[in-house]
Amino acid sequence: TLITFSSGARNQRNRAPTMAEPDDLYTLRAQFWLGHYDMALDEARSIARRPMSQSLKDEREELVVRCYLAKGDVDRAAAETEGSASPGMKALNITAKQTLNPSPANLDALKTVLAAPASSNASPTLSLTAAHTFLAAGKTRDALECVSIGTTMEQMALTLQIYLRIDRIDLAKEQLSAMRTVDEDAILSQLCAAYVDVANGSSTAADAIHHLNTLQEQYGASLMLLNCAAVAHLTAGNYSEAEDSLAEAVAEFNGGEDADTLVNTVVCYQHLGRAAGDIDPLLNTLRAKFGAHPFVEGLKRVEGALERESIKYKVDAISA
């Protein structure tokens with residue numbers, strides 16, 4: 001789908017992001033962004049009694065629920081947010097329900113929360129959560145509208161990822177430049193630089209590998225960082241290195257139960273020329289546990305098309 005931008009939207013997109021000073025949630029946010037969800041939850045517990053502003057307390061609670069969702073503990077996320085009055089928590093509750101039982105009614109409810117007067121001063125969690133939920137439902141335009149005028153680094157980072165999804169690497173590069181102007185060494189700036197370098201192709205994949213290695217050396221590996229590294233190595237043609245990253249994801253972070261790890265391993269094995277006996281079990285796991293994943297749905301479409309075409313050329317056996 002081609003998404004165009006009006007002059008007003010372009011002007012909003014060019015608004016400079018705001019640089020947040022380090023606060024009591026700095027480490028918690030960092031761990032969340034890097035995919036260290038258990039460490040983030042430990043950090044949230046350790047600072048629970050620390051004196052802080054109400055807005056930081058609310059964000060801490062929101063980040064805890066976001067960690068639950070990221071870890072797949074969706075039932076707990078739904079229970080923790082049930083009946084909450086804050087727009088951010090309402091959005092997280094709707095996201096949990098949408099994850100458990102996808103329905104257009106959930107998306108409508110999310111739009112209602114976004115349009116409510118109380119949401120005008122809501123925390124960025126509302127727009128970020130809504131954008132992720134719309135993306136998962138294939139509503140790219142709605143997702144972009146949620147975050148494209150946001151001024152926090154996380155909103156800018158998600159906007160950049162959406163630009164990459166719609167093949168607008170030019171806009172993604174503009175967004176990255178704006179983020180670097182604020183803080184070139186920020187975690188999100190480094191992550192987004194890696195995303196852009198991978199999207200740019202093999203010529204800049206080495207730069208992505210450098211950014212991701214730096215983050216892993218500084219903060220430790222995570223399932224998310226290892227998958228990002230694997231994709232960067234695949235883009236660079238370093239298939240053995242990609243396999244090593246994926247093997248570590250499986251061994252250290254239970255990647256064998258993670259859809260992205262399985263998909264990346266299938267792609268890696270294909271490049272390495274592995275036999276069907278190595279690849280088919282991975283595909284079977286994907287089909288059985290992640291039937292709604294875009295990769296699985298795409299595979300179904302291709303297999304269905306092949307089956308329909310093969311019928312045209314079917315030759316009935318001639319009896320003697």
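Biologist: Which residue just after H13 takes a positive phi, and of about what value?

Modeller: This is a predicted model, in which local features need pLDDT of at least 70, side-chain atom pairs count only at pLDDT 80 or more, and totals for chains, interfaces and linings use all residues. Residues are numbered from 1 along each chain as its sequence is written, and side-chain values use heavy atoms, with hydrogens and water left out. Helices (H or I, at least four residues) are DSSP runs numbered from the N terminus, and just after H13 the residue with a positive phi of about 95° is Gly220.

Biologist: How far apart are the end C-alpha atoms of helix H13?

Modeller: The expected span of a helix is 1.5 Å times one less than its number of residues. For the 15 residues of H13 (residues 205-219) this gives 21 Å, and the distance between the end C-alpha atoms agrees, at 21 Å.

Biologist: Within what arc do the buried residues of H13 fall?

Modeller: Buried (under 20% relative accessible area, 1.4 Å probe, protein chains only) describes Ala205, Ala208, Ile209, His211, Leu212, Leu215 and Gln216 in H13. Seen down the axis of H13, these residues line one face of the helix, because the directions from the axis to their C-beta atoms fall within an arc of 165°.

Biologist: Which exposed residues does the face of H13 turned away from its buried side carry?

Modeller: What covers the buried residues of H13 includes helix H11 (169-183), helix H12 (187-200) and helix H14 (223-236). On the face turned away from that buried side, the exposed residues (over 50% relative accessible area) are Ala206, His210, Glu217 and Gln218.

Key. Helices (H or I, at least four residues) and strands (E, at least two) are DSSP runs, numbered from the N terminus. Contact means heavy atoms within 4.5 Å.
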